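Welcome! Let's take a walk through this structure together, one region at a time.

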Amino acid sequence: MKVYGCIIINNEGEVLLVRGRLSQKWSFPKGHCKKGETDLQTASRELYEETGLTLNEKYTSYHKLKGGSYFVFAVTGRPLAESRDNREIAEVAWFPLKNISALETNVDVSIFNTLMKNIRSGVSVSEYMESPEVQIRGSMISRSITSSQER
């Protein structure tokens, strides 16, 4: 089953994460596609269920990471987020990008964090995510993870 989610980054350099109740790991809001849903509809529904947020902004980019495909949204400020799905989600919180490496995270956030470590000053997050260096590095990381899991 395909998984779609949202990466929400604000203008303060923070990213929105959810902590799974069973895994206790931090991840991006994401979930499985229901019959008849588009990729974006799935990601938007999961964002609402897991964080209570509905975004009217157009997504800035779309990326396939290990563990799912993600729509990236840039927001202003820190919209109040609260889970509507307490069976699956234990907590919702904003984290500075520089602090997510200290968290216990799912593979999707780990890959994203590796990509973001080398962000250059003066470059927006969406510009950086679209840069050739990130696309190449992301492909290499995904291949590396896939290869190690096949052994």
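**Around the pocket**

The lining of the largest pocket takes at least two residues from each of β2 (14–20), β4 (30–32) and α2 (107–116). Helices (H or I, at least four residues) and strands (E, at least two) are DSSP runs, numbered from the N terminus. This is a predicted model, in which local features need pLDDT of at least 70 and side-chain atom pairs count only at pLDDT 80 or more, while totals for chains, interfaces and linings use all residues. Residues are numbered from 1 along each chain as its sequence is written, and side-chain values use heavy atoms, with hydrogens and water left out.

By class, the lining of the largest pocket holds six nonpolar, seven polar and nine charged residues. Here Ala, Val, Leu, Ile, Met, Phe, Trp, Tyr, Cys and Pro count as nonpolar, Asp, Glu, Lys and Arg as charged, and the others, Gly among them, as polar.

**A serine with partners**

Now look at S27, which is found in strand β3 (residues 26–27). With a relative accessibility of 4%, S27 counts as buried (buried means under 20% relative accessible area, exposed over 50%, partly exposed in between, with a 1.4 Å probe and protein chains only). Its side chain makes a polar contact with the side chain of K30 at 2.3 Å, and another of 3.0 Å joins the side chains of S27 and D108. A polar contact is a pair of N or O atoms within 3.5 Å; within protein, one must be able to donate a hydrogen and the other to accept it, and residues adjacent in sequence count only if both atoms are side-chain atoms.

**The helix and the core**

D108 brings us to α2, where it is buried along with V109, I111, F112, N113, L115 and M116. Seven of the 10 residues of α2 are buried, so this helix is largely enclosed by the rest of the structure.

Which residues touch the most other members of the largest nonpolar core? Of its 18 residues, they are I7, V15, L17, F28, L65, I100 and F112. A nonpolar core is a set of buried Ala, Val, Leu, Ile, Met, Phe, Trp, Tyr and Cys residues joined through side-chain atoms within 4.5 Å. The largest share of this core, five residues, comes from α2. Apart from it lies another core, of 16 residues, among them L47, F71, A81 and I89.

**A loop to finish**

Finally, find Q24 in the loop between β2 and β3. Q24 is partly exposed, with a relative accessible area of 39%.
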